[in-house]
Amino acid sequence: MQFQTLENQTINELCNLFNAAFADYLVKIEMTPESLQDKFDSENVSLEHSVGIFSDGKPVGFIFHALRDSASGKMAYNAGTGVIPKFRGKNATVRMYEYILPKLAKYGVKEVVLEVIDKNPPAIKSYKKVGFTILHELECFKGFPDISSPDKPLIVEESADKFTPPDHFWDWQPTWQNTTQTVLRSGQYKTWSILRGNRAIAYLTGNPGSGRIAQFAVDPDQRWKGLGTSLFCHFAGLSSNTPMVINIADQAGQTQDFLKAIGMTPFLRQYKMNLKLQ
Ligand SMILES: CC(C)(COP(=O)(O)OP(=O)(O)OC[C@H]1O[C@@H](n2cnc3c(N)ncnc32)[C@H](O)[C@@H]1OP(=O)(O)O)[C@@H](O)C(=O)NCCC(=O)NCCS
């Protein structure tokens, strides 16, 4: 088995590898070369900082890493780990990390973060062996709201890049895939907001094609008036797929209670893990 970074692999090869490794995954995920490229572009995946394990010159496992600067220094995000079934059971994930972590550290990465489904022991065991620890738990919700909007405030639609989320509305920080950077780089998201004068007092950013809601927030002074319910009902009416919100931290209890109250169902729990490199 050999290890190599992934910048010389084509998107088609990486897509086939991803789909072969995720064919028996807990949640159905199937990528096309286009959707994988969109994931790489929107999440800032760097193939030079990602690693593959190779057998007879063919990639049989991978860890994709995305890189961004943050207030506390350079961060890496594990945007996907997979080993095709025939090559599992040999600690490939741990060995790929042993190869790539010194390179990430040399590049100045201070911390690596990831999310993992709580019912995925091989992945959790591998990450813990590498030194990752659990920071907190995250809940994922899906479903159509089963209540109707109390009244019908005017909702304004704009492309997400025309909207700056007022982050003092936030009780919790979105995970990597839901950050404003990811949303803006993707180009697939729109924002719906409710205005008071020309100021947004509530907003929701989502992808009406996939049903994915990346962000939503109501001004703390304007809560308990049904604005969040109105935005979810509006989005559900436009979405071609079941609305879904992933990775709401358990600390964000009020947000989780709101999603349950409007009829969305918790369907998956994840751990957020991190590893400090320096
Ligand atoms: C997660 C994945 C990458 C790990 O593959 P791998 O590196 O070959 O891991 P291994 O099979 O060597 O297993 C790693 C550890 O988990 C243990 N393990 C494997 N299956 C297990 C199970 N069902 N229950 C408990 N432990 C298990 C192994 O025994 C090993 O621990 P040990 O060294 O203490 O014995 C691989 O299972 C995979 O591709 N799964 C599908 C995609 C996926 O889940 N990706 C992760 C998303 S976060």
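**Aromatic rings and their surroundings**

Modeller: In this predicted model, Lys74 lies over the face of Tyr107, at 4.7 Å from the ring centre.

A pair of aromatic rings is described by the distance of the centres and the angle of the planes. A search of the whole structure finds 17 aromatic pairs. In one of them, the ring centres of Phe18 and Phe22 are 4.4 Å apart and the planes stand at 10°, under the 30 degrees that counts as stacked, so this pair is stacked. Phe18 and Phe22 are both buried. The rings of Tyr77 and Trp176 have centres 5.1 Å apart and planes at 10°, so they too form a stacked pair. This pair links distant parts of the chain, for Tyr77 belongs to strand 4 (residues 73-83), while Trp176 lies in the loop between strand 7 (155-159) and helix 5 (180-186), 99 residues apart. Both Tyr77 and Trp176 are buried. Ring pairs also join Phe18, Phe22, Tyr25, Phe40, Phe62 and Phe64 into a cluster.

Leaving aside residues up to four places away in sequence, Phe132 touches Tyr97, Val112, Leu114, Tyr127, Met273, Asn274 and Leu275.

Eight strands form an open sheet in the order 1-2-3-4-5-12-6-11, with mixed pairing. Strand 1 (2-5) and strand 11 (244-249) stand at the edges, each with a single partner strand, so one side of each is left without a neighbour in the sheet. From one strand to the next, the twist averages 25°. Strand 3 (residues 58-70) and strand 4 run antiparallel and are joined by 10 bridges; Gly61 has Val83, in strand 4, as its bridge partner. Helix 2 (residues 33-43) lies across strand 3 and strand 4, running at about 30° to strand 3. Helix 3 packs on the sheet as well, touching several strands, among them strand 5 (109-117) and strand 12 (265-276), and its direction makes about 40° with that of strand 3.

Notes:
Residues numbered from 1 in each chain as written. Predicted model: local features only at pLDDT ≥ 70, side-chain atom pairs only at ≥ 80, totals over all residues. Heavy atoms only, no water. Contact = heavy atoms within 4.5 Å. Phe/Tyr/Trp six-rings, centres within 6.5 Å; stacked < 30°, edge-to-face > 60°. Buried < 20%, exposed > 50% of the residue type's maximum accessible area, 1.4 Å probe, protein only. Helix = DSSP H or I, 4+ residues; strand = E, 2+ residues; numbered from the N terminus. Lys NZ or Arg CZ within 6 Å of the ring centre and 35° of its normal. Pairing = 2+ DSSP bridges. Axes fitted to C-alpha atoms, helices over the stretch in contact; angles between N-to-C directions.
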